[in-house]
Amino acid sequence: MKRKLQRARDAFGPMQVIALTFLVLLIVLSMVAPAILPDPLAQDGSHTFAPLGTSGHILGTDAFGRDLLARLMAGVRTELMVAFATTLVALVLGTALGIAGAYFGSVAETVTMRIIVDVILAFPPIIFALLIVTIYGPGPITLTATMGVLFAMSFARIAYGQTLTVRRAEYVDAAHAYGAPTMTILFRAVLPNISAPLIVQASLTMAAAILLESGLSFLGLGLVPPAPSMGSMIADGQRYLATDPQLILIPSVVVVLTILSFSLLGDGLGRWLDPRRRNAHG
Amino acid sequence: MVAYIARRLATGVGLLFLVLTLIFFVIRTVPGDPAALLASGGGSGEASPEAIERIREQLGLDQPLWAQYLGYLAGVVRGDFGVSFQFGTDVTPIIMARLPNTLQLVLGAVLIGVTVGVLLGIIAARRGGVVSTVVTAMGSFAISVPVYVLATVLAYVVALQLRWLPAGGFVGWEDPVGHLRILVLPCIALAVPFSAIVATITRSGLVETAQQDWVRTARSWGLSPGSVFGRHVLRNSLTAVLTIVGLEIGLMFGSTILVEQVFSYPGLSQLLIKAVEQRDYPIVQGVAILAAGFFIMINIVVDVLYGVLDPRARRR
C-alpha cells in the first residue's frame with residue numbers, strides 16, 4: 001500500500017496536481033454556473049462590450065451584451081460533455097476493434113487493422129469531420145459520433161498491439177485449457193491486462209477531442225450558434241480583435257489550459273501505469 | 001529497391017481505392033433520399049422536384065448500385081469529381097484554382113518546422129539538463145495551443161500591435177516580397193506545433209540512439225564526439241523524425257483550414273467552409289479525396305526515404 005502511494009507520488013508531480021485541481025474547479029464551476037450566473041443567451045443592448053470587472057458581469061459582456069463568464073461556463077460544460085462522450089465512444093469502439101483484430105487474427109485482423117483503421121487514418125481528422133457534417137449536418141450528436149470513430153482508431157492500434165502480446169500469455173492459455181468461453185477470456189483475462197495504456201490514451205483523447213471540437217466550432221461547423229462554445233466565441237471575437245481582445249483572450253486561455261491539463265494528466269497516468277516502472281519499485 | 005517502391009505504390013493505390021469506397025458508401029447511408037436531402041440544403045428548405053431530379057441524375061442514383069459505384073470510380077480516375085451544386089461547374093478546376101495557395105502554406109510551414117524542430121531537438125539532446133527540460137515543456141505547451149488560437153494571437157501581436165506584417169488578405173506573386181510577407185504569419189502558426197513535435201521526437205531519438213552499444217564502440221575507436229554525433233547518432237535518429245514528419249504533414253493539411261480562416265487567406269478553407277454550409281457535397285468530397293490522396297502519397301515518399309536511410313526497412 002505504501003509502495004503504491006509512493007509510486008503515485010512519483011508519477012504525479014506538482015504539474016499534475018495543478019492540472020487536476022484546475023479541471024475539478026472547472027467542472028464544478030461549469031456545473032453550478034446556471035444557478036448563479038445570468039442566462040448565457042440573454043442579450044442586453046445597453047451593456048455591450050462591458051469591460052472586465054463590471055459589477056454583475058465579472059468578465060464583461062460581448063457584442064450582444066451577453067455575459068462572458070456565463071457563456072464561457074456554458075461553453076465549457078458542452079465542450080467537456082462532448083469530449084467525454086467522444087472519448088467513451090472511442091474507447092469502447094476502438095478497444096473492441098483492436099482486441100478482435102489481434103485475438104482472432106487472419107480475416108478479422110485484415111478487416112479491422114488494415115481496412116477500417118488505415119482507411120480512416122488516411123484522412124486529416126478535420127476534413128473527415130467536415131465531410132460527415134456536410135452529409136448529416138452539424139450538432140453535438142454528429143460531432144460525438146464522428147470524433148468517436150476518428151479517435152477510436154488510436155485505441156484500436158494500442159489495443160491491437162497489447163493484445164498481440166497478451167494473447168500468448170500463460171494465463172490466457174490456462175483459461176483456454178479449462179474451457180472458459182471466448183467472451184470470458186476476453187473480458188476477464190485480456191481486457192484487464194491491456195487496460196493501462198488505454199486509460200492513458202483516454203486522457204489524451206479528451207485533450208484531442210476538445211482541440212478538434214473547438215476547431216470545428218471555430219469554423220461554425222461544430223456546435224451550432226447561438227449555443228456557446230469556446231471555438232465559436234473565439235471566432236465571434238475576431239471582428240473586435242483590435243478593440244476588445246479580451247473577448248478572444250479569455251476563452252483562448254481557458255481552452256488552452258483545459259487541453260494542457262488533460263495532456264499533463266495523461267503524462268502522469270502514463271508514468272503511474274507503466275509496468276516497467278512498477279517493477280522498478282516493487 | 002525498385003521492388004520495394006513498387007510494393008509501396010501498390011499498397012498506396014489499394015488504400016486510396018478503399019478510401020474512395022468509404023466515401024461512396026458514406027453518402028449513401030444518409031437516411032431517406034440523398035438527392036432530396038442534398039437538394040434541400042440538409043432539409044432546411046423545400047427542394048423543387050427538378051432540383052432533386054438533377055442531383056439524382058448527377059449522383060446516378062437512378063442506376064443500380066454497382067453501376068453507380070463503377071461510374072464514380074471511373075470519374076475519379078479521370079480527375080472528374082462531379083459538378084458543384086453551388087456553381088454548376090466542374091469541381092476539379094474550382095479546387096485546383098485554390099490548391100496551390102494552400103500547398104504554399106504547407107510547404108513553408110514544413111520547411112520552418114523541420115529546421116527549427118531538428119535544431120531544438122539537437123540542442124536539447126546535446127545540452128541536456130535545464131535546456132532539455134525547457135524544450136520538452138515548451139513542446140507539450142505548444143501542442144496544447146489550438147492552431148487557430150495561435151494564429152489569432154500572432155495576428156493580434158505581430159500584425160495589429162507591432163504592425164510588422166499584414167494581418168491578412170492576399171498579394172499575388174507579381175509582388176514577391178508582398179506575397180512572402182503574407183505567408184509568414186500563417187506559416188509560423190502552422191510551424192509552431194509541428195516543430196514542437198519534431199523537436200520532441202528528435203531529442204528522444206538522439207538520447208536513445210546515443211545509448212546504443214555501437215555508439216560506445218565508435219567512441220572507443222577514438223572518433224571525435226562531433227563525428228560520432230554527426231555521422232552515427234544523428235543519421236540513425238533521422239528515421240524516427242522522418243516518420244513523424246510524414247504523419248504531421250497530413251494533419252497540417254487539415255490545420256491550414258483553420259489558419260487560412262484567421263488570416264482570410266484564399267486557400268481551400270473559404271471554399272470548403274462555404275461548401276459544407278451549403279451542403280455542396282461534390283466539393284467537400286473532392287477536397288477529402290485530394291487530402292487523403294496527398295496523405296497517402298506523402299506516406300509512400302516517407303516509406304521510400306526510410307528505405308534509403310535504413311536498408312533493413314526494405315525487406316519488410
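Author: This is a predicted model. Start with the interface. On chain B, 39 residues are in contact with 34 residues of chain A. Six helices of chain B each supply at least two residues of the side that touches chain A: α1 (2-27), α6 (129-142), α7, α10, α11 (268-277) and α12 (281-309). The largest share, nine residues, comes from α12(B). By class, this side of chain B has 30 nonpolar residues, eight polar and one charged.

Now take one of those helices, α7(B). It covers residues 147-161 of chain B. Its 15 residues should span 21 Å at 1.5 Å a residue, and the end C-alpha atoms are 20 Å apart, so the two values agree. Its buried residues are Val147(B), Tyr148(B), Val149(B), Leu150(B), Ala151(B), Thr152(B), Leu154(B) and Ala155(B). Just after α7(B), Arg163(B) takes a positive phi of about 55°.

Turn to chain A and α5(A), residues 125-136. Here 12 residues should span 16 Å at 1.5 Å a residue; the end C-alpha atoms are 16 Å apart, which agrees. Of these 12 residues, 11 are buried, so α5(A) is largely enclosed by the rest of the structure. The buried residues are Pro125(A), Ile126(A), Ile127(A), Phe128(A), Ala129(A), Leu130(A), Leu131(A), Ile132(A), Val133(A), Thr134(A) and Ile135(A). They pack against α6 (140-167) and α8 of chain A. They also pack against α1, α10, α11 and α12 of chain B. Those four helices of chain B are among the ones that supply at least two residues each to the side touching chain A. Just after α5(A), Gly137(A) takes a positive phi of about 85°.

The axes of α3(A), residues 68-104, and α4(A), residues 106-120, come within 7 Å and cross at roughly 135°. The two helices are therefore oblique to each other. α3(A) passes α4(A) in a left-handed crossing. From α3(A), the contact uses Leu97(A), Ala100(A), Gly101(A), Ala102(A) and Phe104(A). They meet Ala108(A), Glu109(A), Thr112(A), Met113(A) and Ile116(A) in α4(A). The residues of this contact divide into seven nonpolar, two polar and one charged.

Conventions. Residues numbered from 1 in each chain as written. Chains lettered and ligands numbered in written order. Predicted model: local features only at pLDDT ≥ 70, side-chain atom pairs only at ≥ 80, totals over all residues. Expected span 1.5 Å × (residues − 1). Buried ≥ 20, exposed ≤ 12 C-beta atoms within 10 Å, placed from the backbone. Contact = placed C-beta atoms within 7 Å. Nonpolar A, V, L, I, M, F, W, Y, C, P; charged D, E, K, R; others polar. Axes fitted to C-alpha atoms, helices over the stretch in contact; angles between N-to-C directions. Parallel < 35°, antiparallel > 145°, perpendicular 65-115°, else oblique. Left-handed = near helix turned anticlockwise from the far one by under 90°.
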